[in-house]
Amino acid sequence: MLSWRKKRGRRKQGDAEHWLKEREYWSQRMESWYRDKYSLELDSIQDDPGQVPSLELITEIQRKGKAEPNTFLASGQRTVLEYLEELNDHGYDPRDFERILDFGVGLGRLLRHYFPFPAELHGCDVTEKVVNYSQGIYGQRARIEQSRLTPPLPYEDQYFDYIYANSVFTHIQHDLLPDWIAELARVARPGACVIVTVYGTNRYLGHVPEREFDQRIRQQGYLEWGTGHVKQNCLYATPGKLREWWGSHFEVLEYRPQFKDQDHLVMRRS
Ligand SMILES: C[S@@+](CC[C@H](N)C(=O)[O-])C[C@H]1O[C@@H](n2cnc3c(N)ncnc32)[C@H](O)[C@@H]1O
């Protein structure tokens, strides 16, 4: 029988191979998508394992696993392709955008994949350490701002054509949500596309008994758990509740479930 250490060693090796294959696959997919859809070439930072943050920084905001360079790059490539497909399906061409905002930019895992587009790129985040890192590595090519746990954001009204927030509204406290939805609506121009990720039930609420989900969550429409700290606070809402909340300022174009990732709420600023 394999010892625990050997098993762990094999799993780590298996994970490393898995993520190398994922990166090979997704960088190819990404290259073809940019070439075929936009006639654009990728930027070298989109697939450079030398320009990936340290383990210490990654664990500040994400699971340890993402610190492996192939994981950081492949998961970013795969996720950005999800967004680009949604933009495409709803008639948006990212080459037409003048300004893009990555709300909760973190370490720029996604922002770096927008470098080939002509838009002015912006990112903001509440965590000082990640803002410092992102300013350092992307500072010449994107404007990264320190933002706060409550609005306002440091932008003019109707400033952005496209705003996305990946794994951010899953952590924002329920009582702050109406103000944040109104704030994103303020900085989005009419017609802008806004995409935010949300928790799907099967992947993220597996720990909740079925009867409790029905009695407590479905009836209330949402569930909040965790400590209230940005990293640990979690907010789930039913698709109906999400439409009610976001529908106050946006036309909800689609609730798109994702494979193994958080689901997406795709919206247009009314
Ligand atoms: C799980 S990380 C995701 C980072 C990045 N979007 C990605 O997908 O790699 C969540 C990020 O959202 C930031 N965040 C949480 N609440 C925020 C808020 N109210 N305003 C801006 N950033 C926030 C955190 O500091 C953290 O960097």
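Which residue stands opposite L265 in strand 9? The legends below take up this pairing after an overall view.

**Figure 1. Overall view of the predicted protein.** This is a predicted model, in which local features need pLDDT of at least 70 and side-chain atom pairs count only at pLDDT 80 or more, while totals for chains, interfaces and linings use all residues. Residues are numbered from 1 along each chain as its sequence is written. The protein contains 8 helices and 9 strands, where helices (H or I, at least four residues) and strands (E, at least two) are DSSP runs numbered from the N terminus. Its radius of gyration, taken over C-alpha atoms, is 19 Å, close to the 18 Å that the globule rule (2.2 Å times the number of residues to the power 0.38) gives for 270 residues, so the protein is as compact as a globular protein of that length. Along the principal axes, the C-alpha atoms fill a box of roughly 55 × 50 × 35 Å.

Figure 2. Strand 9 (residues 263-269) has 5 of its 7 residues buried, so it is largely enclosed by the rest of the structure; a residue is buried if 20 or more other C-beta atoms, placed from the backbone, lie within 10 Å of its own, exposed if 12 or fewer, and partly exposed in between. Strands pair if DSSP finds at least two bridges between them. Strand 5 (residues 188-198) runs antiparallel to strand 9 and is joined to it by 6 bridges, with V198 standing opposite D263. Strand 8 (residues 250-256) is likewise antiparallel to strand 9 and joined to it by 6 bridges, and here Y255 is the residue that stands opposite L265.

**Figure 3. Close-up of the hairpin of strand 8 and strand 9.** In this hairpin 6 residues lie between the strands, and K260 takes a positive phi near 65°.

Figure 4. Of the 20 residues around the ligand, G104, G106, R109, T127 and N166 come nearest, a residue being near if its C-beta atom, placed from the backbone, lies within 6 Å of the molecule. The shell divides into 10 nonpolar, 8 polar and 2 charged residues, with Ala, Val, Leu, Ile, Met, Phe, Trp, Tyr, Cys and Pro counted as nonpolar, Asp, Glu, Lys and Arg as charged, and the others, Gly among them, as polar.

Figure 5. R186 is found in helix 5 (residues 177-187) and is partly exposed, with 17 other C-beta atoms within 10 Å. R186 and E212 are 26 residues apart in sequence and 37 Å apart in space, C-alpha to C-alpha.
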